[in-house]
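Here's a quick tour for anyone meeting this structure for the first time. Have a look around before reading on.

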Amino acid sequence: MRFVVFGLTITSSWGNGHATLWRALCRALVRRGHSVVFFERDLPYYAEHRDLRGMPGVEPVLYADWGEVRQRAAQAVAAGDVAIVTSFCPDGVVASDLVLGSDAPARVFYDLDTPVTLDRMAAGDWPDYLPRQGLDGFDLVLSYTGGEALVRLQTQLGARRVAPLYGSVDPDAHRPVAAVGGYQADLSYLGTYAADRQEALERLFVEPARRLSDRRFIIGGALYPPDFPWAQNIFFVRHMPPPEHPAFFSSSRLTLNITRRAMAAMGWCPSGRLFEAAACGAPILTDWWEGFDAFYAPGAEVFVAGSTVDCLATLGLSDAELRHAAKRARERTLEEHTSDRRALDLEAALESINSPMATGG
């Protein structure tokens, strides 16, 4: 199949989680014989931090203005089999108009940010990437979030057919590698700064670092403010490009995963970092949200913490206990959470378009 995607970015992983997900999924689609054209507005922020120029079977199309690319986009959609518009696409509304006005065999909206979308709507702020008429014109609406989010996409946005398409990991890109001295830590955290994760980060990372002054803690990410509450034993790596993620995770005795507040509140929304860390064989400490145990077994494959005391208790486990859980999490990831598995999920969801109406879980 020929996929045409209108999205936020695939060429820059700086400060967003979309790019890494799309790269993994696109590689899997190409391995299965598909091709992808990805339309991305050439925003200065991402242009300054571009870390992908091209991929086999994937054609990124960068443009400065929708007007200059509209004809090319229309031709691509007309020649394609699947046309997808995503959340946070800067030209989501006009791209949706183009797709919905076309004869594309499969017209799809993929919300990679469903909790954010629904929260903004609840606050009376209509997301600028959504068509004003909602999502009822699409043949299929995919969501990065399952559970109740799928129902709300139907009842609040008129989606006729919905299915979850969770995050994933490319095991060729994320796998155990040799530890790197500069990344070694008793506890690591990889993530872009977000105000709604700060309270959990202070509780599960900063405070443990203060109490364990003889241990080494490390943060990798972008956009951290000058007033972040650093401690002498917290080390910082500003922005970690995807090729460095395996070394970062593989150098950690334990790594922390924290979910964005809206996503944790809605549940059924595993972050891509969770799968990446597991695929790299890193023992994982994570926050909890509804549906988590559908992805990993708490206590057996990953460790769950709600408090500083929980974090300290996990750090007190033996290396053997941590490695045993990490091994099981990696095995589960390679079986259930790879990009190849998600490509199969996507194909199945697309096949359902022409079958009796059903809702994914």
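In what order do the six strands of the open sheet lie? Keep in mind that this is a predicted model. The order is 10-9-8-11-12-13, and the pairing is parallel. At the edges you'll find strand 10 (234-238) and strand 13, each with a single partner strand, so one side of each has no neighbour in the sheet.

Further in, strand 8 (residues 187-190) runs parallel to strand 11 (residues 255-257), and two bridges join them. If you want a spot to look at, Ser188 stands opposite Thr255 in strand 11.

| Helix | Strands | Angle |
|---|---|---|
| Helix 7 (residues 195-211) | touches strand 8, strand 9 (217-221), strand 10 and strand 11 | about 155° with strand 8 |
| Helix 10 | lies across strand 8, strand 11 and strand 12 (284-286) | about 160° to strand 12 |

Now for helix 12 (residues 319-336). The buried residues here are Leu322, Ala325, Ala326, Ala329, Arg332 and Thr333. Looking down the axis of helix 12, those residues fall within an arc of 125°, which means they line one face of the helix. What do they pack against? Their partners are helix 10 (272-279), strand 13 (303-304) and helix 11 (308-315). On the face turned away from that buried side, helix 12 carries the exposed residues Arg323, Lys327 and Glu335.

How values were computed. Residues are numbered from 1 along each chain as its sequence is written. This is a predicted model: local features need pLDDT of at least 70, side-chain atom pairs count only at pLDDT 80 or more; totals for chains, interfaces and linings use all residues. Side-chain values use heavy atoms; hydrogens and water are left out. Buried means under 20% relative accessible area, exposed over 50%, partly exposed in between (1.4 Å probe, protein chains only). Helices (H or I, at least four residues) and strands (E, at least two) are DSSP runs, numbered from the N terminus. The arc is that of the directions from the helix axis to the C-beta atoms. Contact means heavy atoms within 4.5 Å. Two strands pair if DSSP finds at least two bridges between them. Axes are lines fitted to C-alpha atoms, for helices over the stretch in contact, and angles run from 0 to 180 degrees between N-to-C directions.
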